[in-house]
Amino acid sequence: PYIQLSNNKGELAELYKNCKFTSFARTGDIYCLFYERGFQLLKEGGYLCFITSNKWMRAGYGETIRKFLGEKTNPKILIDFAGQKIFESATVDTNILLFQKAPNTKKTTACVAKAGCRENLSGFVEQNATACTFSNASSWVILSPIEQRIKEKIKRIGTPLKDWDIQINYGIKTGCNEAFIVNAAKREEILANCATEDERQRTDELIRPILRGRDIKRYGYEFANLYLIASHNGVPDKKIPRINIDDYPAVKRHLDSFWPQISIRSDMGDTPYNLRSCAYWEDFSKPKIIYPETTQGAYFAFDCEHIFIDKTCFMIISNNAKYLLAILSSPLYEFAYKRIFSSIELSVNGYQYNKHALVKLPVLAAHPSIMSSHIFDCLSSPNSIKTANRKIYELYSLSEDEICYVEKFVTRE
């Protein structure tokens, strides 16, 4: 079955939340509970094999079932079909898991299916399987021996970003982009409609450049001449006052033309003319790393021009922003994120760099001895980028074979 517990306003979630399933997750799927119920019915040493969606292997809601399976069972065989349509009736990507009701020996025969494996699945598994250890709630990613070596090198010296002194937050949610995000021509029109020079200057400061996810590229961005009407709700705790729309008559007239839309939106501030409250409002004016949530690759850029980003982007505030930019943009960490440390794959080349997965990435801290080389200060040319990437391979002690493996996996424009 593929039935989300959150369907019908969480009707199933309410039904099962008190049934003492340790694998229960309100945002999860009912098949996770099937695994646990099957385990309960097994005799000691017995086996259970299911074909289900493979989302539990990486998704956030799968943490509880991964923990249960890793701690309570002995996973014997795991086949991830990873986009290969093996079962004609299946509408989702699938996997096969065989586990035993026994202590975990931490040696699972695992493989990722490839095109053509359906013709002789048992033979394919026998020839392509690798021994993996799955024993906790971390994402269950099937890695080859060389991928396991790279993972261990990264983990051995890295510190998860969640333990760094950084902040990761999403961009502006306007609730009505057509009203609050304007092009250059509309911005000039609003400024031209200001009655006084004083109003024009204040309005000019209010309408700020903004980027969308699609505008952010690798190491930089392409400004699409879009602007945000930053009539924010203020941050009282930080003594940032709310914008009073009456101080901006030309902007008010523009927003009034969208009154039916802005007056009923959910993402609204104290008035329909204001953006919703944002506790980190001042961070948009700081030097920062910006990146799109949905992307084809590791598209991270550095911004020191006080530019805003919309809800399709995230920003990272760090005292070591340029070093972190080099690390996250490198082929090694594009490979690490996509292949090893849990991402949500959207298509053949599309990924989500979502916050909950990104903060788990273990990254080598920016020690003074590293920063003194100034290699990561400027990434504006192919040569400087190449030098930085080679330095990153060196920091993580990758062999030439491992470097070739990474660069074969990561396609760069």
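Let's start with burial. Of the 413 residues in the chain, 49% are buried, meaning under 20% relative accessible area with a 1.4 Å probe, protein chains only.

A word on the source. This is a predicted model, where local features need pLDDT of at least 70, side-chain atom pairs count only at pLDDT 80 or more, and totals for chains, interfaces and linings use all residues. Residues are numbered from 1 along each chain as its sequence is written, and side-chain values use heavy atoms, without hydrogens and water.

Now the overall layout. The chain has 16 helices and 20 strands. Both are DSSP runs, numbered from the N terminus: helices are H or I with at least four residues, strands are E with at least two. The C-alpha trace spans about 80 × 55 × 40 Å along its principal axes.

Next, contacts, meaning heavy atoms within 4.5 Å. Residues 24 or more positions apart account for 68% of them.

Which strands does strand 9 pair with? Strands pair if DSSP finds at least two bridges between them. Strand 9, residues 207-211, runs antiparallel to strand 12, residues 226-229, with 3 bridges. There, Pro209 has Tyr227 as its bridge partner. Strand 9 also pairs with strand 16, residues 308-309, in the parallel sense over 2 bridges. Here Leu211 stands opposite Ile309.

Last, the surface. The chain exposes about 20,400 Å², and carbon and sulfur atoms supply 50% of that. The areas come from the Shrake-Rupley method with a 1.4 Å probe.

Note on methods:
Buried means under 20% relative accessible area, exposed over 50%, partly exposed in between (1.4 Å probe, protein chains only).
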